[in-house]
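Work through the exercises below on one two-chain interface. Try each task before you read its solution.

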Protein chains: 2
Amino acid sequence: MTSFVNRKTIRKYKKEDVPQDKLESLLYQASRAATMGNMQLYSVVVTRSEEMKEKLSPLHFGQPMVKGAPVVLTFCADFNRFTQWCEQRQANPGYDNFLSFINAASDTLLYVQAFCTLAEQAGYGTCYLGTTLYNPQGIIDLLRLPRLTFPVATITLGVPDEDPEQTDRLPHLAYLHSETYRPYTAGEIDIIYYFKEQMDENKHFVEINHKENLAQVFTDCRYTRKDNEAMSAGLLEALKHQGFL
Amino acid sequence: MTSFVNRKTIRKYKKEDVPQDKLESLLYQASRAATMGNMQLYSVVVTRSEEMKEKLSPLHFGQPMVKGAPVVLTFCADFNRFTQWCEQRQANPGYDNFLSFINAASDTLLYVQAFCTLAEQAGYGTCYLGTTLYNPQGIIDLLRLPRLTFPVATITLGVPDEDPEQTDRLPHLAYLHSETYRPYTAGEIDIIYYFKEQMDENKHFVEINHKENLAQVFTDCRYTRKDNEAMSAGLLEALKHQGFL
């Protein structure tokens, strides 16, 4: 069993399958994570077919893990199931609002992390695809997600076929605050990001992108204002479409 | 080491403290969780002082864990630190939008679950307070959270002083879908919630609340439309205030 501090994201998987009973066992174990009012406000759509992976792939911007993994899991915030139960019992559900979306998304993300930890302890590799939120409507349509559900995270899963270096992390004092949030001085910011800026790999990114520094690689290439604002609009639109706004 | 499938929420803690070095070690280990673009879009505010617990308590509706735990941790989505770094490097950050909030909140919630799992493996008990999102502006003001930060989860932490029964969970087939989301038949909904509805504890809740069934306890007493809609408005207002909308 690998210790959590040694974990890494795995993007290449062996052809070996993940047996359905093993997957179901991990998904059930993960449900021990905390959940609001014990409502379990999530669903998981399992993609195994080549046809569906082919269609999911462009929605995740062609990241090779989607077609390369034996299993792709789309974790969805889900107030649909609970609402249907309420309606069948002559109860009046009021979960078509923004707080309910955030509550269900929180439940879902705790469940996702619990699942990943358990899957890794069982010897599998995982990759978290943040792209799920970039084009949610496409995923909603493809997976036929009903009103009051919303895709919040995608995990690709399989037996590791690579052993990459661990990526860096900030010193924990960078994000630790005592009693109240301590504003950062300019000098503290320099120290916090110093190691990241000095890494050869990151210096290389600055060079090939013809930027002055690493921060500009993030703001001008990787996560731009223009993209973020366009995708925010799409995200809010999709939340309306699914009945949460 | 307790297995994850045996975990329980712990609401009563011994007087025993959680040493700061132990806490910091767990917070650092948890940072191995997946994080978008390796940006680590979170901060943690540690509350140990009686004075601050006294002030936090009403913001969490007086739940006794806040004053009863040696440590209260408020986990915040944080694009402030990253934005400050960008600004110091003449980069133009564009993270004052809704997508950036959801991205940072996702990072934070994965981190929270990783932390809880590690803390429990180390023998501590945790309780997840969903109330963080019910009155975020009060928490923002008390903890002096700056623009582009937002409280998303609170964990109370300590050495367990109770050993409660495990709560029930739905059968995993309730939330598992293959290839596309499968609409639930009325009969499936009945089966999914049958065990929960038959529990003595839940029958007791129905009785003392003078309701016809358990679903009505949720919709009329615990999570009402009126409360959800009022708190949704407050949540959106606070997101605007913090620069994310």
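**Exercise 1.** Which residue forms a salt bridge with A:E197, and how many Å apart are the closest N and O atoms?

*Solution.* The model is predicted: local features need pLDDT of at least 70, side-chain atom pairs count only at pLDDT 80 or more, and totals for chains, interfaces and linings use all residues. Residues are numbered from 1 along each chain as its sequence is written, chains are lettered from A and ligands numbered from 1 in the order written, and side-chain values use heavy atoms, without hydrogens and water.
- Apply the rule: a side-chain nitrogen of Lys or Arg within 4 Å of a carboxyl oxygen of Asp or Glu.
- The partner is B:R89, at 2.6 Å.
- Between chain A and chain B the count is 6 salt bridges.

**Exercise 2.** Find what chain A brings to the interface.

*Solution.* 
- Take contact as heavy atoms within 4.5 Å. Chain A gives 112 residues and chain B 112 residues.
- Buried area is the accessible area (1.4 Å probe) lost on putting two parts together, summed over both. Here it is about 10,200 Å², with 58% from carbon and sulfur atoms.
- A:R32, A:R169 and A:Y181 supply 9% of the area that chain A buries against chain B, more than any other three residues.

**Exercise 3.** Identify the strand pairing across the chains.

*Solution.* 
- Strands are DSSP runs (E, at least two residues), numbered from the N terminus. Two of them pair if DSSP finds at least two bridges between them.
- β1(A) and β5 of chain B (residues 176-178) run parallel, joined by 3 bridges.

Terms used. Helix = DSSP H or I, 4+ residues; strand = E, 2+ residues; numbered from the N terminus.
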